[in-house]
Amino acid sequence: MLMKGCEGERQIETILRPGERLDDLQRNGYRIIQDPGRFCFGMDAVLLSDFTRVRRGECVIDLGTGTGIIPILLAARTEAEQLAGLEIQQESADMARCSVRLNGLEERIRIVDGDIREADHIFGAACAQVVVSNPPYMIAEHGLLNADEPLAIAKHEIFCTLEDVVSQAARLLKPGGRFYLVHRPFQLTQIMETLRIHRLEPKRMRLVHPFIDKEPNMVLIEAADGGRLGLTVEKPLIVYREQGKYTDEIYEIYGRGRV
């Protein structure tokens with residue numbers, strides 16, 4: 001259980017390392033440790049967790065989990081039996097493990113250090129019903145200043161490409177399993193082609209627009225292993241109704257505790 005009271009707060013303070021902070025996830029009393037100097041989760045991870053469908057008793061793997069935000073949110077809002085997060089940056093993985101312990105989720109969530117490109121060797125083939133990923137969006141050379149910086153690793157295709165993520169998701173999924181992805185619309189053609197190469201048939205898609213009159217800047221996709229033809233395009237998700245004010249749907253997502 002989550003530590004409460006003054007004694008619990010003092011124990012929490014000893015967990016935090018210099019530069020780290022504790023954020024309230026507004027769900028089940030869960031909190032997460034983050035370091036603003038490295039990388040903090042954004043709305044893309046929150047919307048992906050909201051878009052992802054997990055049935056009771058299913059196993060979920062998050063490729064590139066960062067500080068563990070998606071497994072923790074999915075643990076809060078689904079009845080998944082087991083969730084695993086794979087992360088190549090050890091400091092981020094350590095923060096994720098601390099957050100898992102802090103929230104008393106050790107029996108449901110496992111954080112693993114490792115390379116996405118080796119995920120099938122780490123977890124084993126055909127081991128999960130659901131795979132999710134909020135991967136780096138930018139090619140390695142796009143605006144890259146320092147390939148060793150944690151923020152650059154999180155945003156740029158330094159350690160993995162879209163092909164790596166999709167191919168590993170296909171290997172990890174059990175027959176009929178589902179893959180959930182958030183990415184950028186400018187790569188939509190490549191995303192669809194890559195999914196189909198690996199027998200992941202796109203089944204649901206939702207475009208996310210910052211404002212109703214602006215082009216989308218995110219796309220949420222569900223693909224099924226060996227699925228039949230047929231794609232449902234859901235209504236667009238609009239983030240802001242005006243500058244600085246979310247739409248009712250975004251407030252609802254936040255209000256449901258999906259941060």
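Is Asp120 buried or exposed? Asp120 is buried, with a relative accessible area of 16%. Keep in mind as you look through these views that the model is a predicted one.

**Figure 1. The whole protein, before we zoom in.**
Let's begin with the overall picture: the secondary structure of the protein amounts to nine helices and 13 strands. The protein has 259 residues, and 53% of them count as buried. Its exposed surface comes to about 12,600 Å², with carbon and sulfur atoms supplying 50% of that area. Among contacts between residues at least 6 apart in sequence, 68% join residues at least 24 apart.

**Figure 2. The hairpin of strands S1 and S2.**
Here you see strand S1, residues 21-24, beside strand S2, residues 31-34, paired in the antiparallel sense over four bridges. S1 and S2 form a hairpin, and six residues lie between them. Have a look at Gln26 in the turn, which has a positive phi of about 60°.

**Figure 3. Helix H2 against helix H3.**
Helix H2 covers residues 43-51, and its axis comes within 9 Å of the axis of H3, the two crossing at roughly 35°. The crossing of H2 and H3 is right-handed. On the H2 side, the residues in the contact are Ala45, Val46, Leu48, Ser49 and Asp50, and they meet Ile69, Ile70, Leu73, Leu74 and Arg77 of H3. By class, the contact of H2 with H3 has seven nonpolar residues, one polar and two charged.
How many of the nine residues of H3 are buried? Eight of them are, and helix H3, residues 69-77, is thus described as mostly covered. The buried residues in H3 are Ile69, Ile70, Pro71, Ile72, Leu73, Leu74, Ala75 and Ala76.

**Figure 4. Helix H7 against helix H8.**
Helix H7, residues 162-172, packs with helix H8, residues 188-197, at an angle of about 35°, and their axes are 9 Å apart. H7 and H8 make a right-handed crossing. H7 brings Leu162, Glu163 and Val166 to the contact, while H8 brings Gln190, Ile191, Thr194 and Leu195. Sorted by class, the residues where H7 meets H8 are four nonpolar, two polar and one charged.

Leu162, Val165, Val166, Ser167, Gln168, Ala169, Ala170 and Leu172 are the buried residues of H7. Which elements cover them? The cover includes strand S3 (59-63), H5, strand S6 (128-133), strand S7 (173-183), H8 and strand S8 (200-209).

Now back to the residue we opened with: Asp120 sits in helix H5, residues 119-123. Why does Asp120 count as buried? Its relative accessible area is 16%, and the cut-off for a buried residue is under 20%. Leaving aside residues up to four places away in sequence, Asp120 touches Ala125, Gln168, Arg171 and Leu172. Of these, Gln168 and Leu172 are among the buried residues of H7.

**Figure 5. Strand S8 and its partners.**
S8 is largely enclosed by the rest of the structure, because eight of its 10 residues are buried. S8 runs antiparallel to strand S9, residues 218-225, and eight bridges join the two. Leu200 stands opposite Asp225 of S9. S8 also pairs in the parallel sense with strand S10, residues 232-233, over two bridges, and here Met205 stands opposite Val233. Strand S11, residues 237-238, is a further parallel partner of S8, again over two bridges. In S11, Ile238 is the bridge partner of His209.

**Figure 6. A close look at Asp225.**
Asp225 lies in strand S9, and its relative accessibility of 15% makes it count as buried. Which residues does Asp225 touch, not counting residues up to four places away in sequence? They are Leu173, Lys174, Pro175, Gly176, Gly177, Arg199 and Leu200. Leu200 is also the residue that stands opposite Asp225. For a sense of the fold here, Asp225 and His198 are 27 residues apart in sequence and 8.5 Å apart in space, C-alpha to C-alpha.

Notes:
Residues numbered from 1 in each chain as written. Predicted model: local features only at pLDDT ≥ 70, side-chain atom pairs only at ≥ 80, totals over all residues. Heavy atoms only, no water. Pairing = 2+ DSSP bridges. Buried < 20%, exposed > 50% of the residue type's maximum accessible area, 1.4 Å probe, protein only. Contact = heavy atoms within 4.5 Å. Areas by Shrake-Rupley, 256 points an atom, 1.4 Å probe, with all protein chains shown as cover. Axes fitted to C-alpha atoms, helices over the stretch in contact; angles between N-to-C directions. Left-handed = near helix turned anticlockwise from the far one by under 90°. Nonpolar A, V, L, I, M, F, W, Y, C, P; charged D, E, K, R; others polar.
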